[in-house]
Amino acid sequence: MRTRTVGVAALAATLTLTVAAPAPAAPAKPSRAAELIGRQALPANDGWAAEGAGTTGGGAATADRTRVVRTRAELVAALGGDNATNATDATPKIVYVAGTIDGFEGADDTPLDCADLADPEYTLPAYLAAYDPAVWGRVDPSGPLEAARVRSVANQTRQTQINVGSNTTIVGLRGARLTGLTLMIDRVANVIVRNLTFDDARDCFPAWSPDDGDTGNWNSQYDQISVRRSEHVWVDHNTFTDGDNPDSAQPIYFGRPWQVHDGSLDVTHTASLVTASWNRFTGRDKLMLIGSSNTVGPDVGRLKVSVHHNLFDGDLQRLPRVRFGQVDVHENHYRLGGAGFEYALGVGVQSAIYAQNNFFTLTDDVDPADLIHDWGGTALTERGSWVKQGRHLPRPVDLRAAYNAAHDPDLGGDAGWTPTLRATPPLPTPLVPPVVDAWAGAGRLPL
């Protein structure tokens, strides 16, 4: 396999080219620089999505399938014309997003809210009264009100889940934002998503799960990007937040937080060959789930994902959480701690995480031993980790050894594989924070 050797200085020089100036108003058509980025393929060897033929997205799009969009209706039209069937449109296409597109925009661009999507037989007060554990007990909701909630979810899915077909590139122009929607990448191949801010993919109709944990939990359905049953997907230089609707502002029902958000970038249901690079995840709870079930079956041999040069800033869990997959987690900066923090690396059933040269900036209340959580796995390869905690100087830390000293059973140190798909040699870990903090997230590409 062909590899490239690039020194730190050369890498820094390359990254310097991506500086973006303050954003002017979005043009009627993309600039020459934006056109070049829209046709850019994933670089050779850049993670699992580079395997085989690599990932080119919509780079071969003709002029009539290259569009700038400013509304939900225009986005659906650019992706094929009918949201119900757009996932089957494999014609190469490049979609440039300008400004803010809201998933809660009606077909005529009028704003919608949760009440507009609710089934006539559903109201939240009635639902809370019917399924209060003190009344209903600790069994799953059923009956007419739960059926009405399910129909409401179907209404929202048709509205806020935007389906993406094969051979597609979606690029945000300066300041582009997708709010209140999910990009669904399901049963397709060869998709690129870059330079977008995703915020508040809220669920209007969370499900009550009384047997989830000791006291039950509310669960949301909608991720910001969901990759399912798909291959060759590159998610690069995006920012993921909850916007002005954070989890901390949600009410408490049945003694549990009303959970209206799910993942930022989930890779599930046999998806594979995904590279997530140079993204910024800020202030989110459930972030990146790789593998959706503990059931041994079709996921075995799949779920191959590379997670590199991302900034995890104030997030709480799943950074990522892995089942089955060979997942390469390298050169990420983790700024973690405070109320609600749970863990960073989730070692799940038959997972094979290779974690290298990650830097953890922690508040004083986080024990490095708790950066790993065992969800039924047996081993991970972890090397080159550094920790800076509070006002203390940065230092190298063997996170697996720290975990094993504080928890039973121990995790083995060999995940059973060594990554070969790396576009550049790893940065020395102390250089990860300044480089990643400067260049990760939307707004760093020259658009």
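Student: What makes the 10 strands an open sheet with parallel pairing, and what is their order?
Tutor: Strands are DSSP runs of E of at least two residues, numbered from the N terminus, and two of them pair if DSSP finds at least two bridges between them. In this predicted model, the order is S1-S2-S5-S8-S13-S18-S21-S24-S27-S30, with parallel pairing. Strand S1 (66-69) and strand S30 (381-383) each have a single partner strand, so one side of each is left without a neighbour in the sheet. From one strand to the next the twist averages 10 degrees, with axes fitted to C-alpha atoms and angles from 0 to 180 degrees between N-to-C directions. Residues are numbered from 1 along each chain as its sequence is written. Local features need pLDDT of at least 70, and side-chain atom pairs count only at pLDDT 80 or more, whereas totals for chains, interfaces and linings use all residues.

Student: How do you know that strands S8 and S13 pair?
Tutor: Strand S8 (residues 189-194) and strand S13 (residues 231-236) run parallel and are joined by 5 bridges, whereas the definition requires at least two. Arg194 has Asp236 in S13 as its bridge partner.

Student: Why does the radius of gyration agree with a compact globule?
Tutor: The rule, over C-alpha atoms, is 2.2 Å times the number of residues to the power 0.38. For 447 residues this gives a value near 22 Å, and the protein has 22 Å, so the two agree.

Student: What share of the residues is called buried?
Tutor: Buried means under 20% relative accessible area, with a 1.4 Å probe and protein chains only; 55% of the 447 residues count as such.

Technical notes
Side-chain values use heavy atoms; hydrogens and water are left out. Helices (H or I, at least four residues) and strands (E, at least two) are DSSP runs, numbered from the N terminus. Buried means under 20% relative accessible area, exposed over 50%, partly exposed in between (1.4 Å probe, protein chains only).
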